[in-house]
Amino acid sequence: MHLIQVINVGQIVGGTAACAWSVTRALPDVQHSLFSLSPISRETQAAFAPVPIKSLAGGNLSQFQAALCEHVHQIRDAGQQPQLLLHNTHARWQLARWPCPTLIYAHSNTSLVKAHQLVVCSHWLKQQARLAGTVLWQGVPDPHDIPPPIASSITPPAGAFRVGRLCTPTVKKFPVELIPLYAHWAKQFPQIWWEFVGCPTLRQPALTEACMGRISFHPAGWSARHWLCEWDAWLYTQPAIKESFGRVLAEAMLAGTFPICDAQGGFCEQFPPLNDFPAKARTLRQRGQCHSPTDFSADLDWMITQPAPCQSLRQTLESHARKHFSLPAFATRLKPLLPPS
């Protein structure tokens, strides 16, 4: 089988490229090739190597169709069976007829092309977008397997609790509303050293002041997820954006760090269910799933003052993530969903 993938974003730090990378690594015995509807960064090319990627940036529908059909023809001439996997491909790229068996993977609530088969990245998205496809949680790399990035020039003091924020490096993921939150937490928890990956430059002065100088900024990049292995907690809040699936949440679990995030969107279903409480008490909030700034404060305090149960939770979440979000687990779920040759 030869699997052709189409991605929207040519930058692997965010968008559909990261999931396409997971597909290539989860299926090492399959031949792979990719098309990108956006320009491809050098970092993306390096991360996918030796899998080839061709950019269709600036192309139109007829060029898209011609490129796919030509590639499918070449694969068949080589004696292989082509299959097409489209990642969140917008309806404007709809073809009257796909050149080979085709699966569309929905990653967000948007207008998508129609194909032979549909899969959806979360139960939340399936319900939100009223889709009829099969739910397929994404697989993510183990941050321990990612080479460490270049170290920050600022070193946290010995004994400090390191709490980081890693997400897509865009301004909308770092809203101005974060400033007073971090100012409050920095005052409440002088033991914490705050770290930010991919923070836009315009937010850095205010965050530095809010965190009272106990702060490091790291550049975004494929290797940056390795920071998760060094943090005590990954903290993420942006209530205005409901994530369909949290790749970084899954990576944080695999890294063995304590994930603390908004209890909304696809995040909620990624945590294991509460099994250690009687049924009548399951209304209790689960650690790591926060509904308010007070919940975030409570979890940070619990992490600092209750190290033994926090470590136990980290181990539970890591085991859960290996079972559901690791690349081998992803491969097991993905293979039966691929269109038949």
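This is a predicted model: local features need pLDDT of at least 70, side-chain atom pairs count only at pLDDT 80 or more; totals for chains, interfaces and linings use all residues.
Residues are numbered from 1 along each chain as its sequence is written, and side-chain values use heavy atoms, with hydrogens and water left out.

Strands E8 and E9 run parallel and are joined by six bridges, and one of the pairs is Gly164 with its partner Glu195 in E9. Between these two strands the chain passes through H5, and this β-α-β crossover is right-handed, a word used when, with the strands pointing away from the viewer, the path from the first strand over the helix to the second runs clockwise. On to strand E10 (residues 215-218), E9 is joined by four bridges, and these strands also run parallel; here Glu195 stands opposite Ser216. The chain goes from E9 to E10 through helix H6 (residues 204-210), in a β-α-β crossover that is right-handed.

## An enclosed strand

A residue is called buried when its relative accessible area is under 20%, exposed when it is over 50%, and partly exposed in between, using a 1.4 Å probe and protein chains only. In strand E9 (residues 192-197), six of the six residues are buried, so the strand is largely enclosed by the rest of the structure. Both of its faces are covered, with Ile192, Trp194 and Phe196 buried on one side and Trp193, Glu195 and Val197 buried on the other.

## Salt bridges

Side chains of opposite charge can pair when their charged atoms come close. The rule for a salt bridge asks for a side-chain nitrogen of Lys or Arg within 4 Å of a carboxyl oxygen of Asp or Glu, and by this rule the count comes to nine salt bridges. One of them joins Glu243 and Lys173, at 3.1 Å from N to O. Glu243 lies in the loop between strand E11 (233-236) and helix H7 (247-255), and Lys173 in the loop between strand E8 (161-166) and helix H5 (178-188), so this pair ties together parts that are 70 residues apart in sequence. Both Glu243 and Lys173 are buried.

Another salt bridge brings Arg285 and Asp299 together, at 2.9 Å from N to O. This pair links distant parts of the chain, 14 residues apart, with Arg285 in the loop between helix H8 (267-270) and strand E13 (289-290) and Asp299 in helix H9 (residues 293-305). Arg285 is partly exposed, with a relative accessible area of 26%, whereas Asp299 is buried, at 0%.

Arg322 and Glu318 also form a salt bridge, their closest N and O atoms being 3.2 Å apart. Both residues lie in helix H10 (residues 307-324), four residues apart, which is about one turn of the helix. Arg322 is partly exposed at 37% relative accessibility, and Glu318 is partly exposed at 23%. Elsewhere, salt bridges that share partners join Arg285, Arg287, Asp295 and Asp299 into one network.

## Two packed helices

Helices H5 and H9 pack at an angle of about 30°, with their axes 11 Å apart. The axes are lines fitted to C-alpha atoms, for helices over the stretch in contact, and angles run from 0 to 180 degrees between N-to-C directions.

Conventions:
Two strands pair if DSSP finds at least two bridges between them.
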